[in-house]
Amino acid sequence: MQLEYKVPPASPMRAILIALFIVVVAVLSCVDIAKAQMGAVFGKDEFINSCASCHGVTGKGNGPLAKSLTHAPADLTVIQKKNGGVFPLAFVYDVIDGRIQVMVHGSREMPVWGERYKRELKALTPRGEVSDDLAELMVRARILMLTEYLYSLQEK
Amino acid sequence: MKESYVLEGALVACLIVGSNVPGWAQQPMDAGKLEYQASCAACHGADGKGAGPVAAALTTKPADLTTLSKKNNGVFPFGRIYDIIDGRTELKSHGTREMPIWGFRFSPAPIPGLSTQAPYFLDPLFDREPVIRSRILAVVDYLYRIQEK
């Protein structure tokens, strides 16, 4: 294959600057893409793991368990629409976590994911290798990734 | 090659020592109980009697898990319980094997729809199948221990 072509003569300084610019842009865009993909993948995995059996893979509320519930699971793609076009981030986070909600209201229809994730982590490290603070950090990361994924599901 | 074995060995040694030091200081937790509390208690209740906080939201009442032996002529139905958790025996209110209500914490089979990173995200650092099997066994063992006499 013939890949050689004529380039107009340029000063070496300019060539170096252009090369640097290209490298920086390339690196930055790779990092950005990697970051975006990681977030999306983790959030989606968590969603399929924890939410889809009731709320459905699409989030519309039609998971395989929907029929076994007395109230239809919520359509998670219209959270933003129903809140005047603003995604209620803190509200969504608290609803998933559930620990504050349970303190206020007692029981609820959805599992308390904050508590559940914490117990899962403790069961994974039954000798207490993970401190309470670290466990709490990891629980919050999981809930945040879920919240981020839900944000990406919102209808315009 | 040799070097990487040495490195791996050192890493494993660090992990073993690191994970055991706090272990000497305190009682090991009950893994089966923790798994039960994380994945079953929401519906079946902390005591296994079927009155968990989410039970009211279900059309079918969750089973009383403390009378499994009693209802099976005094014999704990080990295989059946294992298969129900593992997913090869499907119950309507447990969802489908592809999408169980408790997520993929007890799914040894490849998981449809999840990215390749997901198993490591759900169970960091571990070889999935033996972890899942021992996890299911821990839950079955816990259930065995809470049977009414």
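These are my notebook entries on a predicted model.

**Ground rules.** I number residues from 1 along each chain, letter chains from A and number ligands from 1, both in written order. Local features need pLDDT of at least 70, side-chain atom pairs count only at pLDDT 80 or more, totals for chains, interfaces and linings use all residues, and side-chain values use heavy atoms, without hydrogens and water.

**Chain A overall.** I looked up the helices and strands (DSSP runs: helices are H or I, at least four residues; strands are E, at least two; numbered from the N terminus). Chain A has seven helices and zero strands. I then checked burial (buried is under 20% relative accessible area, exposed over 50%, partly exposed in between; 1.4 Å probe, protein chains only). Of its 156 residues, 39% are buried.

**Aromatic pairs.** I searched for paired rings of Phe, Tyr and Trp (its six-membered ring), with centres within 6.5 Å; planes under 30 degrees apart are stacked, over 60 edge-to-face, the rest tilted. The whole structure gave seven pairs over all chains. One of them is Trp113(A) with Tyr117(A), a tilted pair at 5.8 Å centre to centre and 40° between the planes. Both residues sit in helix α6 (residues 113-124) of chain A, four residues apart, so about one helical turn separates them. Trp113(A) and Tyr117(A) are buried.

**A charge over a ring.** I asked what lies over the face of Tyr117(A). I found Arg142(A), 3.9 Å from the ring centre. The test takes NZ of Lys or CZ of Arg within 6 Å of the ring centre and within 35 degrees of the ring normal.

**Chain B, one loop.** I found Asn73(B) between α4 (68-71) and α5 (78-86). Its phi is near 55°, positive in a residue other than glycine. Asn73(B) is exposed, at 75% relative accessible area.
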